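Below is a short report on the voids, the chain interface and the backbone geometry of one model. Look at the structure first, then read on.

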Amino acid sequence: MTQTREPAGSGHEPARDDDTIPDTPLLDRKRQLRGYRINKMAMGLGDPANREAFKADEAAYLDRFGLNAEEKDAVMRRDWREMIRLGGNLFFILKISAVDPIRITEIGAHQVGMDHETFLRERLGKKV
Amino acid sequence: MATLIGGLGTSHVPSIAAAMDKGLRDTPEWQPFFDGYLPAQEWIRYHRPDVAVVIFNDHYNAMFLDRVPTFGVGCADEYHPVDEGWGPRQVPPFRGAADFSWHLIDTLVENHFDPEIIQEIKVDHGLQVPMELFWGRPENEWPVTVVPIFVNVLQYPIPLPSRLYNLGKVLRRAIESYDSDQRFVVIGTGGLSHQLQGARAGFLNPDADQQFLRDIADRPDELAGWSREKYVQTFGSEGGELIMWLVMRGALNQQVTVRHRHYFAPASMTGAGMILLEED
């Protein structure tokens, strides 16, 4: 008998730290399976009704997409680095910033572990 | 038969859209960027292309991971702006060139490219921003029709750079075999260097960007021969989308003249570049 498998990851896959190009998480097979639920949840925020649901009761909204405790915690703490580590892709999770505003450069700084001004100066060459 | 009158390349950063929407065009931060497009806008006004073939990627706004076509061709009569989280932008819907789209799909399949055929889809900043940069945002209706070519540059495996270059060659064949007096431009979009994720986020490579803006005109075969890894290493994880410019370049003759070229960094977190190529 053929074994069927859910398209979404089961939630037991380990998070990845073994990128081929250092510090550069690409959406490869393992990562997209690992992050399927987070990404699907964030994709939902393209719909205004879901944005309202997220604002009204974030935990309930995340439950609707079956996020596990680790994933929920990363989203609710707005831990961008951890969301990416758990397989989230920036183009999905960026939609969270439409509900709870934060600049993309702040998301960048957070992942690098720099304060925002240092990030702007050192990575982007801005005079701040 | 239809005529290909030129190739355009440009970044499609969402912050450019946000800057336009917030009326920041003439602020000291953005003016040098937008002014870089004035000569290309003038060229467009003078040459009045009828159809723009736009090669871009959806950034998980209209498509999800449940189905990921490596290539898709839009053959709709209309493409509305998609809601990317902030509500759809106030940009008039883009008019399709459905008849040519179907001809393109036929030509692609006959030449061993098998795209997804897309009859109903909304478009995100990947198409909106290039159109606004080159045509300016119209009050009501766009003066040009569009043919979107969607490329998966986000979920691996993404296509090989050489494959995109060859896709461009078939695109040219489709234009030249299209029974019409319409005038076409091909627009490659995306890049230049940027990385939005991981500890290397904020990676920029202005030297490589400037070199790319020279090589895309003079040494396209070389760029088409690069590996995907080399693109990501050189231009960052999201900068790897620059491979979509190769479709535009592949559609043009070997010998081209650079009518205009502009570079500005950073637009938000991205090295922003544009080029306007004509055939000799």
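On a 1 Å grid over the protein atoms alone, a pocket is an open set of points with protein on both sides within 12 Å along at least five of seven lines, while a cavity is a set where a 1.4 Å probe fits but cannot get out; lining residues have an atom within 4 Å of a point. Grid points are joined across faces, edges and corners, and a volume is the space filled by probe spheres set on the points.

This is a predicted model: local features need pLDDT of at least 70, side-chain atom pairs count only at pLDDT 80 or more, and totals for chains, interfaces and linings use all residues. Residues are numbered from 1 along each chain as its sequence is written, chains are lettered from A and ligands numbered from 1 in the order in which they are written, and side-chain values use heavy atoms, with hydrogens and water left out.

**Pocket and cavities**

The largest pocket holds about 1200 Å³ of space. Its lining has 40 residues, and those nearest the centre are A:Ile104, B:Pro14, B:Ser15, B:Ala18 and B:Lys22. At least two lining residues come from each of α9 and α10 (116-122) of chain A and α1 (14-21) of chain B. Helices here are DSSP runs of H or I with at least four residues, strands are runs of E with at least two, and both are numbered from the N terminus. α1(B) supplies the largest share of this lining, 6 residues.

The model has 2 cavities of 30 Å³ or more.

The table gives volumes and lining classes. Ala, Val, Leu, Ile, Met, Phe, Trp, Tyr, Cys and Pro count as nonpolar, Asp, Glu, Lys and Arg as charged, and the others, Gly among them, as polar.

| Space | Volume | Lining classes |
|---|---|---|
| Largest pocket | about 1200 Å³ | 18 nonpolar, 13 polar, 9 charged residues |

**Interface of chains A and B**

Contact (heavy atoms within 4.5 Å) is the first criterion. By it, 37 residues of chain A meet 34 residues of chain B. The buried area is about 3100 Å², and carbon and sulfur atoms give 64% of it. That area is the accessible area (1.4 Å probe) that two parts lose on being put together, summed over both.

A salt bridge is a side-chain nitrogen of Lys or Arg within 4 Å of a carboxyl oxygen of Asp or Glu. There are 2 between chain A and chain B. B:Asp83 pairs with A:Arg51 in a salt bridge, with the closest N and O atoms 2.9 Å apart.

Polar contacts are pairs of N or O atoms within 3.5 Å; within protein, one must be able to donate a hydrogen and the other to accept it, and residues adjacent in sequence count only if both atoms are side-chain atoms. Across the interface, 16 residue pairs are in polar contact, both at pLDDT 80 or more. On the chain A side, elements giving two or more residues include α1 (29-34), α3 (48-56) and α9 (104-112). α9(A) gives the most, with 5 residues. That side divides into 19 nonpolar, 10 polar and 8 charged residues.

**Salt bridges overall**

Over all chains the count is 26 salt bridges. One of them joins A:Glu71 and A:Arg34 at 2.7 Å, N to O. This pair links distant parts of the chain, 37 residues apart: A:Glu71 is in helix α5 (residues 69-76) of chain A and A:Arg34 in helix α1 of chain A.

**Backbone geometry**

Most residues other than glycine have a negative phi, and most peptide bonds are trans. The bond between B:Tyr156 and B:Pro157 is cis, with omega about 5 degrees. B:Pro157 sits in the loop between β7 (145-151) and α6 (161-176) of chain B. Another cis bond runs from B:Ala265 to B:Pro266, with omega near -10 degrees. B:Pro266 lies in strand β9 (residues 256-267) of chain B. B:Arg48 has a positive phi, near 45 degrees. Its place is the loop between α3 (38-47) and β2 (51-56) of chain B.
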